[in-house]
Amino acid sequence: MSIEEPSHPAERDPLLLRVSHADRDRMVEILRDAAADGRLDIDELEERVERALTARTFADLAPLTEDLPVAAPAPPAVPAPASTAGEVERWQVHGERLLREGAWTVPRVVELDVHGGSARLDYTLARLPEGGQSTLRVSTHGGSVRLTVPPGIAVDLSGISTYGGRVRDNASRHAVPGAAVTHVITVTGSTHGGSVRVEASGAK
């Protein structure tokens, strides 16, 4: 089994963000106050105001107050890139058996490639991702995939394309009418031989 995690996107430097008219006007106000306090002479004020009015980024504004006891307008906070570590995992099964049971952590998206062998994912005690949904992308070539789900977890198999394989949802027969569904596992992908089967926890 192999697991790959996508790399994080590069973080942006807030100083390279573009300034607005309001940011430029605020900078000019700061410079004029500094001149009124006697910290800048007329020539320095004019030169810095010119630079402030033509600034494009916060990095252009920052040097204008380096020798003054007041900071230049600060860039807005830039949210950190959303972490994708653990969000998408790729599992490969070639002739062996893959088993996930007990209190295992369910990734938001699993890409499962089965060539012979089998994969069993038991969600009975699993730690599910937030948001009420997760995705399982399967590709079977002569192997089998079995999902075991407790009450409250529904499995949507409508996204699977079948080419000579079998797809069965036996868990739906044990579902209690009107029972609340707290999590949906969406299964997509294709079967080329092999099978995908859903069973209810405790079913014989």
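Contact is taken to mean heavy atoms within 4.5 Å. On this basis, in the predicted model, 71% of the contacts in the protein chain between residues at least 6 apart in sequence join residues at least 24 apart. Of the 204 residues in the protein chain, 35% are buried.

The secondary structure of the protein chain consists of three helices and ten strands. Read from the N terminus, the order of the elements is α-α-α-β-β-β-β-β-β-β-β-β-β. Five strands form an open sheet with parallel pairing, in the order β2-β4-β6-β10-β8. Its edges are formed by β2 (97-100) and β8 (166-169), each of which pairs on one side only. From one strand to the next, the twist averages 10°.

In the helical part of the chain, R24 belongs to helix α1, which spans residues 21-36. The residue R24 is buried but takes part in no salt bridge. Its nearest side chain of opposite charge is that of D23, at 7.3 Å, whereas a salt bridge requires a side-chain nitrogen of Lys or Arg within 4 Å of a carboxyl oxygen of Asp or Glu. A polar atom of the R24 side chain does, however, lie 2.9 Å from the backbone oxygen of A55.

Key
Residues numbered from 1 in each chain as written. Predicted model: local features only at pLDDT ≥ 70, side-chain atom pairs only at ≥ 80, totals over all residues. Heavy atoms only, no water. Pairing = 2+ DSSP bridges. Helix = DSSP H or I, 4+ residues; strand = E, 2+ residues; numbered from the N terminus. Axes fitted to C-alpha atoms, helices over the stretch in contact; angles between N-to-C directions. Buried < 20%, exposed > 50% of the residue type's maximum accessible area, 1.4 Å probe, protein only. Lys, Arg positive; Asp, Glu negative; His and termini not counted. Polar contact = N/O pair within 3.5 Å; in protein donor to acceptor, adjacent residues only side chain to side chain.
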